[in-house]
Structure formats: structure tokens, C-alpha cells
Amino acid sequence: MESKKKLYIGVHIAGFFLAAFFIYVANNVYHSHPNKFLAMFFPINYSLWEQAKLYFLPTTLVALIEFLIIGKYYKNFMVAHNIMTFFIPLIMIGTYSLVALLFPKLAELTYTGMVTGMVVLLIGWVLTYIICSSRKRLFVYTRKSILLLVILQILFIIFTFVQPKWEYLFFCPVYKLYGLPF
């Protein structure tokens with residue numbers, strides 16, 4: 001049992017750094033190869049909504065990689081990662097909103113969103129570990145959690161091409177526009 005726990009912790013820590021690396025790469029994919037297909041999955045600008053989208057695909061990919069390595073040891077693994085992947089973008093939006101409300105000058109800095117996102121990612125990774133370690137069986141919620149992920153991805157796709165004029169959530173302060181930069 002102790003070796004499974006060490007394996008899980010090692011894989012989970014490696015997964016965190018892999019997710020951070022994937023997030024870094026994902027941040028540049030669309031800008032390197034701008035097209036509408038990539039726009040559905042990668043951030044197209046620096047709006048708060050697109051920064052939340054930035055964390056979705058990398059955390060989903062890392063969850064799948066971790067599942068292949070250690071998922072069989074933990075009944076709650078998929079539901080824990082699905083919940084984390086669903087809530088990270090939402091918590092990131094809420095956390096950044098709080099920072100913007102309390103410290104407006106700090107929120108204007110370019111890297112505040114990335115730092116906020118990494119802190120939220122770390123919190124999500126810790127919570128996933130806690131849920132996976134729980135003896136309570138939550139795996140019955142796996143289908144519902146997968147449905148939440150599908151709904152969130154659909155929302156990311158819809159709001160990539162049809163962005164409401166909600167300045168706080170969808171306006172890109174860098175490019176001074178809503179939506180696609182082309």
C-alpha cells in the first residue's frame with residue numbers, strides 16, 4: 001500500500017509539472033498557427049475567458065496520462081480529475097476577479113493571470129490527491145463529471161466564435177478586441 005501511495009505522489013507531482021509545461025506550450029499554439037480549428041481548443045487572445053480555456057486541455061491530457069499509469073489503483077481517480085479539470089477554469093476566473101477587485105493595478109499586469117492560474121492549478125492538484133485518497137467511493141459520479149467536461153468544452157468552442165460584449169470576461173486588453181484576432 002505504501003508503494004502505491006509513493007507511486008501516486010510521484011506521478012501526481014510529475015503530472016503537475018507536465019501540466020504546467022503543456023499550459024506554457026498551449027499558450028503559444030494558436031499564435032504560432034492561427035486557424036479556426038486550433039482556436040476551438042487553445043487560447044486566441046488574453047481575455048479572462050481564453051486564459052481559463054488555456055488550463056482546460058492540458059489538465060485533461062495530463063489526467064488521461066496519469067489515469068493510464070495509476071488510475072487502476074484509485075477508484076475515485078477519474079471523478080477527482082474530472083472535477084478538478086472542470087473547476088480549475090471557474091476557480092481561476094473567480095480568483096482573478098477577486099484580485100482585480102481588491103488590487104486593480106496588480107490585475108493589469110501581464111503575468112497576474114498566469115500566476116493566479118498556477119496557484120489555482122496547484123490547489124486543484126492537491127484537492128485531486130485528497131479526493132483520490134478518500135475511502136468514500138465517488139466513482140459513481142464519473143459519467144456526470146465527464147458530461148460536465150464535455151459541456152465546458154462546448155462552451156469554450158461556442159464562446160471562441162461568438163463572444164458576448166462582456167468586457168470583463170471576454171475583452172482582450174492586449175489586442176483591444178473581443179474574440180478572434182483575424
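Analyst: Ile 91 has a relative accessibility of 42% and is therefore classed as partly exposed. Ile 91 belongs to helix H4. The model is a predicted one, in which local features need pLDDT of at least 70 and side-chain atom pairs count only at pLDDT 80 or more, while totals for chains, interfaces and linings use all residues. Residues are numbered from 1 along each chain as its sequence is written, and side-chain values use heavy atoms, with hydrogens and water left out.

User: Why is Ile 91 called partly exposed?

Analyst: The term buried means under 20% relative accessible area, exposed means over 50%, and partly exposed lies in between, with a 1.4 Å probe and protein chains only. Ile 91, at 42%, therefore counts as partly exposed. The C-alpha atoms of Ile 91 and Val 119 are 10 Å apart, although 28 residues separate them along the chain.

User: What makes Val 120 buried or exposed?

Analyst: Val 120 has a relative accessible area of 5%, so this residue is buried. Val 120 is part of helix H6, which covers residues 112–133; helices (H or I, at least four residues) and strands (E, at least two) are DSSP runs numbered from the N terminus. Between the C-alpha atoms of Val 120 and Leu 106 there are 17 Å, with 14 residues along the chain.

User: Is Phe 56 buried or exposed, and how do you know?

Analyst: The relative accessible area of Phe 56 is 5%, and Phe 56 is therefore buried. Phe 56 lies in helix H3. From C-alpha to C-alpha, Phe 56 and Glu 167 are 22 Å apart in space and 111 residues apart in sequence.

User: How is His 31 classed, and why?

Analyst: His 31 has 28% relative accessibility, so it counts as partly exposed. Its place is in helix H1, residues 2–32.

User: Why are Lys 53 and Glu 50 separated by about one helical turn?

Analyst: The two residues are three residues apart in helix H3 (residues 48–70), and so about one helical turn lies between Lys 53 and Glu 50.

User: How do you know how H4 and H7 are oriented to each other?

Analyst: Two packed helices are described by the angle between their axes and the distance between the axes. Axes are lines fitted to C-alpha atoms, for helices over the stretch in contact, and angles run from 0 to 180 degrees between N-to-C directions. Helix H4 (residues 77–102) and H7 pack at about 30°, with axes 9 Å apart. Angles under 35 degrees count as roughly parallel, over 145 as roughly antiparallel, 65 to 115 as roughly perpendicular and the rest as oblique. H4 and H7 are therefore roughly parallel.

User: Why is H3 called oblique to H7?

Analyst: H3 and H7 pack at an angle of about 140°, and their axes are 11 Å apart. H3 is therefore oblique to H7.

User: What is the phi of Lys 176, and where does Lys 176 lie?

Analyst: Phi of Lys 176 is near 55°, a positive value in a residue other than glycine. Most residues other than glycine have a negative phi. Lys 176 sits in the loop between strand E1 (171–172) and strand E2 (177–178). With a relative accessible area of 59%, Lys 176 is therefore exposed.
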